[in-house]
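Please keep the sequence and the structure open beside you as you read.

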Amino acid sequence: MKKIVIIGGGFAGINLANSLANVNDFEITLVDKNNYNFFPPLIYQVATGFLETSSIAYPFRKLFKGKKNIHFWLGEFVEVVPEEHKLILSNGTLLYDYLVFATGTETNYFGMENVKKHAIPMKTLDDALNMRNILLQRIEKATITTNKSEKKKLLTMVIAGGGPTGVEVSGMFAEMSKTIIQKEYPELANLGHTEIYLIDGGKSLLAPMSEKSQRYTYQSLEKMGVQIKLNTQVVDYDGEKVSFKDGTYIKTKNLIWAAGVSAMTFKGLPSESYGRAKRLLVDANNQVKGAPGIYAIGDTCLLEGVDEKFPLGHPQVAQVAIQQGKNLARNFKAMQANKPLQPFSYQDRGSMAIIGKAKAVADIPNQKLHFDGFLAWAMWLFIHIMSLINYRNRLKTLYNWSVAYFTNDQSLRMIVRPKEKEVL
């Protein structure tokens, strides 16, 4: 029986573990700093109060119930000792035959310490809850402050990053400002709509998607009242003012940071194992360069020069992680049976992003198809509901979305256990 240790329980790690469940040849330990799996594409809906935490998260131990060869360890990675096949964690040690890094990514502030200190990240479930608490507190503060300049800064939202997360958050804020803010905060009703800015350093929104998707997204957000600033780079943020490379600035208390991610480094791995953005260099079977017996899958790995469609590496998206997790499971089984390994080949199933109610875009590259509007929105809802980890999550999310669709509202805006309590 081979001992496999998986670091990280996201899309890649979960699919690897589940694909090896109840296979007698393997004893699997999944290590994660949280005791739950969560669905990152929907954390912004938790952050804006349209979904509750349990709709997109599920405990690992309940998920692995009945899978006799899978164990869960709540802990954090400290160091790997490859020559001893030993893993040092924050609360113990593990021995392994195969070690798999599936840790995903972390927020990238591009070396801007002030931005890191003052901006609101959008990467983890903790970030989402923290964002919800902070923004709700600031809206409440805006209802009682008499200083007009301060009130405007409290209500101005700046979102950095024109990818799917930035677009989706901007659209959600735009809809909330016209419905929830106007209805539930009479003290703010005479101020007009909240100012919402979407900032990106590139020349278009949703850069990896088709021109049709980019154009539809830009036009839809503009109609919703979002002010879009392209070719604009954030260089500083002191908690009061977002400064840009061209010398302009926006006064705001709220900078939502969705501008980039980077992989992590792991003590014990040689420097030649890392490529661009700290991603681990792997071969076609996802084995880490210069580290026999150690593998990497998902956002944390970089496979260059193998897949002709993606010569510089695969995009850091969920489908890559899912497919790599399943492919590595097949290869582990093949190794046990002394059969040939199957090199990883990514099947691109398309990209999509939601903009607002009945507004979304979807591209399916293999068929060269583009969808937008209500049909793309319905596709987005279906794909995301079916991607949730179990039926319980799917039913709760469907219920919450149905309520939000028909009422333009949701009653989940509670300020609960804020990380940093702000004084009103």
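This is a predicted model: local features need pLDDT of at least 70, side-chain atom pairs count only at pLDDT 80 or more; totals for chains, interfaces and linings use all residues.

Residues are numbered from 1 along each chain as its sequence is written, and side-chain values use heavy atoms, with hydrogens and water left out.

**The sheet**

Let's begin with the strands. Helices (H or I, at least four residues) and strands (E, at least two) are DSSP runs, numbered from the N terminus. Two strands count as paired if DSSP finds at least two bridges between them. With those terms in hand, 5 strands make an open sheet with parallel pairing, in the order β11-β18-β12-β13-β14. At its edges are β11 (120-121) and β14 (226-229), each of which pairs on one side only. In general, strands of a sheet pair through backbone hydrogen bonds, either parallel or antiparallel.

Look next at β13 (residues 196-199), which runs parallel to β14 and is joined to it by 4 bridges. Here Y197 stands opposite Q227 in β14. Helix α10 (residues 211-223) lies across β13 and β14, at about 135 degrees to β14. Such angles run from 0 to 180 degrees between N-to-C directions, with axes fitted to C-alpha atoms, for helices over the stretch in contact.

The table sets out burial, where buried means under 20% relative accessible area, exposed over 50%, and partly exposed in between (1.4 Å probe, protein chains only).

| Residue | Relative accessible area | Class |
|---|---|---|
| L63 | 12% | buried |
| L206 | 1% | buried |
| A277 | 45% | partly exposed |

L63 sits in helix α4 (residues 60-63). Leaving aside neighbours within four places in sequence, L63 is in contact (heavy atoms within 4.5 Å) with I14, Y58 and I389.

The other two are of interest for their backbone. Most residues other than glycine have a negative phi. L206, in the loop between β13 and α10, has a positive phi near 50 degrees. A277, in the loop between β19 (261-262) and β20 (280-281), has a positive phi of about 55 degrees.

**Cores and cavity**

A nonpolar core is a set of buried Ala, Val, Leu, Ile, Met, Phe, Trp, Tyr and Cys residues joined through side-chain atoms within 4.5 Å. The largest one has 53 residues, and I56, M131, F173 and L221 have the most contacts inside it. Helix α8 (residues 164-178) supplies the largest share of this core, 6 residues. A second, separate core of 26 residues includes A12, L20, L30 and A102.

Points are joined across faces, edges and corners, and a volume is the space filled by probe spheres set on them. The count comes to 1 cavity of 30 Å³ or more, and the volume of the largest cavity is about 160 Å³. Of its 14 lining residues, I139, M157, F173, M176 and I181 are the closest to the centre. Two or more lining residues come from each of α6 (125-144) and α8, and α6 gives the largest share, 4 residues.

Technical notes: On a 1 Å grid over the protein atoms alone, a cavity is a set of points where a 1.4 Å probe fits but cannot get out, and a pocket is an open set with protein on both sides within 12 Å along at least five of seven lines; lining residues have an atom within 4 Å of a point.
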